[in-house]
Amino acid sequence: MGSFEAITPGTDLPRYARDLVRMHDAVIGGGRPPLRPRTVVARSWSRVLAAGLAPDRTNTRAILPLDEIEQRRRGSPLQEVIGDLSRILTGVADSSQMMMVVADADGIVLWRSGAARVRGRADELGFREGATWTETTVGTNAIGTALTEAVPVQLFSGEHFEQSQHPWYCTAAPLHDPRTGDLIGVVDVSGPALTLHPTVTALVSAAVEIAQGQLLHRQYERLQRLRDTAMPTLSALPGPALVIDRHGWVAHASGVAPARRIAVPNTERAVHVPGLGLCVAEPLAEGWLLRPATGDTRIRMTLDLSGAPVVRSTGGESDWRTPLSQRHAEILLLLHRHGRRGMSVTELSTAVHGDPDHAVAVRAELSRLRRILGSVIESRPYRISAAVEFTVEFGDGDTLADYASLRTTGPS
């Protein structure tokens with residue numbers, strides 16, 4: 001977690017806390033601070049101020065009813081690993097002045113455990129199950145800022161936006177679903193500011209890595225069950241075929257050696273699979289059966305920018321069209337412009353966001369785009385597949401250059 005740690009070994013915690021509180025008051029009040037806030041803190045404070053939150057009062061905390069909390073728990077992939085997280089963190093939290101908090105991708109606290117005394121103090125802040133702990137709700141905090149920045153975040157004392165949170169530290173790391181790459185929640189350890197120890201960052205990081213490893217292990221178990229279920233069907237089929245789950249992970253391959261994961265198909269359109277060409281998809285109980293399509297196996301795709309961005313495609317046994325966000329249209333245009341040379345994730349981050357530091361966000365956008373379009377984008381480097389005849393249609397007088405920097409219009 002390196003650069004996101006709030007303290008270093010040997011930090012004088014009481015003195016540093018006083019300095020940060022003075023810094024907070026000066027920056028928020030428009031004065032001259034004794035030290036500058038860290039970059040991640042400054043960015044967050046700017047967002048929170050723009051959202052209209054007040055630093056000198058506890059901003060509104062709405063608590064979800066218990067039945068809705070339980071519903072969210074049951075529907076969350078975090079349910080599969082909350083036991084693992086508790087075994088790693090709760091024992092330490094119970095014996096120390098800290099607590100473990102796990103929130104979902106919406107920033108809603110779903111689980112909380114640890115020292116009773118610390119939980120009691122957290123109740124006074126509204127930091128409890130069912131509370132929404134995002135930046136726009138409670139100001140700069142490790143959970144909300146980790147969700148916004150998609151990186152691990154540690155905050156100490158006066159780095160929190162709300163003054164009521166200054167007696168606290170919090171250390172949070174995002175947790176991703178290894179099946180999709182999607183952010184599914186945040187793991188946080190919080191406690192009284194003056195009890196913060198430098199090893200807390202390593203503890204949270206290890207807990208997240210173990211939880212993601214457990215999610216991946218359970219995914220392999222699901223693939224095995226899907227493979228076993230599909231074998232009677234596969235044994236009766238001539239020629240090559242693939243069995244994939246609902247997220248595109250390959251459970252079984254006959255007559256082809258595919259990648260571990262491919263784009264997710266649907267029944268409305270064919271999908272191009274390396275080694276098999278254009279394939280049609282038949283739904284299975286927990287996934288898809290893919291077989292080579294007959295007839296014309298070329299995919300012709302047009303990005304229509306004469307109005308709101310739309311993609312039209314023909315190929316195989318289906319024609320379809322789908323709207324795109326401006327951000328997705330920008331990414332497609334950039335890849336089209338770079339041809340078979342393609343672009344690295346760093347190059348895409350710089351082109352779309354203006355700096356190379358948004359690789360996680362770029363990968364997430366590419367994952368969403370693949371779910372919309374199918375396997376028309378290759379990776380390492382990112383580029384439009386050679387199996388796709390890709391064209392762009394502009395409005396009257398427009399050119400590619402007019403759309404190469406759609407980020408100037410803001411995120412979609």
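Predicted model: local features only at pLDDT ≥ 70, side-chain atom pairs only at ≥ 80, totals over all residues.
**Entry 1**

I began with the strand order. I found an open sheet of five strands, ordered β2-β1-β5-β4-β3. The pairing in this sheet is antiparallel. Next I asked which strands stand at the edges. They are β2 (109-114) and β3 (153-156). Each has a single partner strand, so one side of each is left without a neighbour in the sheet. I noted a twist that averages 15° from one strand to the next.

I then looked at one pair in detail. Strand β1 covers residues 99-104 and pairs with β5 in the antiparallel sense. I count six bridges for this pair.

I checked two pairs. β6 and β7 run antiparallel and are joined by four bridges. In that pair, Ile244 stands opposite Val250 in β7. The hairpin of β6 and β7 has four residues between the strands. Within this hairpin, Gly248 takes a positive phi near 90°.

For the second pair, I looked at strand β9 (residues 277-283) and strand β10 (residues 287-292). Five bridges join them, and they run antiparallel. Ala281 stands opposite Leu290 in β10.

I also looked for a helix on this sheet.

**Entry 1: α2 against α7**

I turned to helix pairs. Two packed helices are described by the angle between their axes and the distance between the axes. The axes of helix α2 (residues 39-50) and α7 come within 11 Å. They cross at roughly 95°. That makes α2 roughly perpendicular to α7.

Which residues make the contact? From α2 I listed Val40, Arg43, Ser44 and Arg47. From α7 I listed Thr145, Thr148 and Glu149. By class, this contact has one nonpolar, three polar and three charged residues.

**Entry 2: α9 against α11**

Helix α9 spans residues 326-338 and helix α11 spans residues 359-373. Their axes are 11 Å apart, and the packing angle is about 90°. α9 and α11 are therefore roughly perpendicular to each other.

On the α9 side I found Arg327, His328, Ile331 and Leu332. They meet Glu365, Leu366, Arg368, Leu369, Ile372 and Leu373 in α11. The residues of this contact divide into six nonpolar, one polar and three charged.

**Entry 3: cavities**

Rolling a probe the size of a water molecule over the atoms shows where empty space is left. How many cavities of 30 Å³ or more are there? The count comes to two.

I followed up the second largest cavity, which holds about 80 Å³ of space. Its lining has 13 residues. The closest to its centre are Phe127, Trp133, His160, Gln165 and Cys170. The elements that give two or more residues to this lining are α7 (142-149), β4 (168-176) and β5 (183-192). β4 supplies the largest share, three residues. By class, I recorded eight nonpolar, four polar and one charged residues in the lining of this cavity.

**Entry 4: a pocket**

Last, I looked at the second largest pocket, with about 250 Å³ of space. Which helix gives the most to its lining? Helix α8 (residues 200-235) does, with six residues. The lining includes Gln219, Arg222, Leu223, Arg225, Leu226 and Thr229. Also in the lining are Arg179, Asp245, Arg246, His247, Ala285 and Glu286. By class, the lining of this pocket has three nonpolar, three polar and six charged residues.

Terms used: Residues numbered from 1 in each chain as written. Heavy atoms only, no water. Axes fitted to C-alpha atoms, helices over the stretch in contact; angles between N-to-C directions. Parallel < 35°, antiparallel > 145°, perpendicular 65-115°, else oblique. Contact = heavy atoms within 4.5 Å. Nonpolar A, V, L, I, M, F, W, Y, C, P; charged D, E, K, R; others polar. 1 Å grid on protein atoms, 1.4 Å probe; cavity = no way out; pocket = protein on both sides within 12 Å on 5 of 7 lines; lining within 4 Å. Points joined across faces, edges and corners; volume = space filled by probe spheres on them. Pairing = 2+ DSSP bridges.
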